[in-house]
Amino acid sequence: MFSCVRWLQPFLALLSSTLLTWGYNCPSSCLCPDHHTVDCTGQGLTRLPDSIPLDIRRLLLSDNWISWIPSDFLVLYSDLVYLDLRNNSLTSLEPGTLSTSSRLVYLDLGSNNLTEIPSGTFGESRSLIKLRLGNNPYLNMISEDAFFGLTSLRELELERNALSGLDVEVLSQLPSLRMIRLEGNPWVCNCNFAKLFLWLLENRHKLPTGLEGMECSLPVDGRQVSLSELSEDSFRECRGLLTLTDYLIVIFSGICISVAAIIASFFLASTIHCFQRLKSKRTDEEEAEE
């Protein structure tokens with residue numbers, strides 16, 4: 001009796017394991033240590049693997065040659081919370097590609113070939129807590145609304161990119177931000193950088209390396225200086241200068257005022273003309289009665 005039970009134990013364990021994994025497909029060349037993780041790290045992939053389980057939560061795709069992500073990739077993977085695409089060949093992200101990732105908490109796009117982060121890239125991924133975009137040597141532009149809707153984002157990495165400037169509004173839209181890395185970029189200390197510098201002064205506690213870890217080049221001679229050597233007075237000549245946005249607002253306001261003045265003059269002239277005609281008509285009627 002006991003020998004039969006002892007013989008049945010391995011068989012039952014194998015049967016149980018088979019039943020648990022039945023219907024679960026692991027992509028070829030990848031590892032699946034559990035039912036919610038697919039690890040395709042360093043497999044020489046040039047595109048996303050096929051047959052990814054729909055209930056996946058962690059997808060590891062670092063150290064490959066992936067150059068493109070379909071815009072509808074995350075539509076079916078609503079449970080995904082961890083996505084690692086570090087060290088691939090991504091050059092761009094279509095707007096909305098990541099907007100459907102409602103549960104995504106961690107996203108690593110570092111060490112790729114991204115050139116810009118346009119508006120709408122992340123949609124409103126309100127669950128995203130950590131976003132890594134560092135070590136993209138061609139990344140030189142981040143749209144003002146690129147991070148709009150990331151209300152839970154706490155950690156943002158933008159180190160060692162090609163950013164010479166950054167609109168401070170990009171960071172002002174992140175109410176939960178606790179840590180940001182900006183060192184290693186070719187910052188230029190001109191008047192466009194002034195607002196960002198003031199933001200950095202007020203939020204230096206969010207910089208892991210502090211202001212000492214950031215440098216900028218002076219617009220006059222290109223000399224590199226640490227931001228810790230600068231102060232608000234270093235940008236005092238910029239206080240009275242108008243930015244491009246300010247000029248556009250002034251021009252637009254002037255056009256609106258001119259158009260309003262023309263319309264008002266037209267209505268005033270029309271009113272006066274009608275009044276004169278009415279007065280002339282009454283005078284003629286009075287003369288005819290006499």
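1. Basis. The model is predicted: local features need pLDDT of at least 70, side-chain atom pairs count only at pLDDT 80 or more, and totals for chains, interfaces and linings use all residues. Residues are numbered from 1 along each chain as its sequence is written, and side-chain values use heavy atoms, with hydrogens and water left out.

2. Disulfide count. A disulfide here is a pair of cysteine sulfur atoms within 2.5 Å. That rule gives 4 disulfides. Count the bonded cysteines along the chain, and the pattern reads 1-3, 2-4, 5-7, 6-8.

3. Cysteine 26 and cysteine 32. Their sulfur atoms are 2.0 Å apart. The link is right-handed, with 90° about the S-S bond. Buried means under 20% relative accessible area, exposed over 50%, and partly exposed in between (1.4 Å probe, protein chains only). Cysteine 26 is partly exposed at 33%. Cysteine 32 is partly exposed too, at 22%.

4. Cysteine 30 and cysteine 40. This disulfide has an S to S distance of 2.0 Å. It links distant parts of the chain, 10 residues apart: cysteine 30 is in the loop between α1 (2–21) and β1 (31–34), and cysteine 40 is in the loop between β2 and β3. Helices (H or I, at least four residues) and strands (E, at least two) are DSSP runs, numbered from the N terminus. The torsion about the S-S bond is about 105°, so the disulfide is right-handed. Both cysteine 30 and cysteine 40 are buried.

5. Cysteine 189 and cysteine 216. Here the sulfur atoms are 1.7 Å apart. The link is left-handed, with -95° about the S-S bond. Cysteine 189 and cysteine 216 are both buried.

6. Helix α3. This helix covers residues 194–202, and its buried residues include Ala194, Leu196, Phe197, Trp199 and Leu200. What covers them includes α2 (169–172), β10 (179–181) and β11 (187–188).

7. Surface patch. Leu54, Val75 and Leu76 form a nonpolar patch, with about 310 Å² of accessible area together. Accessible areas come from the Shrake-Rupley method with a 1.4 Å probe; for residues, only the protein chains shown count as cover. Patch residues have over 30% relative accessible area and no salt bridge; nonpolar side chains (Val, Leu, Ile, Met, Phe, Trp, Tyr) are joined within 5 Å, like charges within 9 Å. A salt bridge is a side-chain nitrogen of Lys or Arg within 4 Å of a carboxyl oxygen of Asp or Glu. Leucine 54 lies in the loop between β2 (37–39) and β3 (58–60). Leucine 54 is exposed, at 54% relative accessible area.

Note on methods:
Contact = heavy atoms within 4.5 Å.
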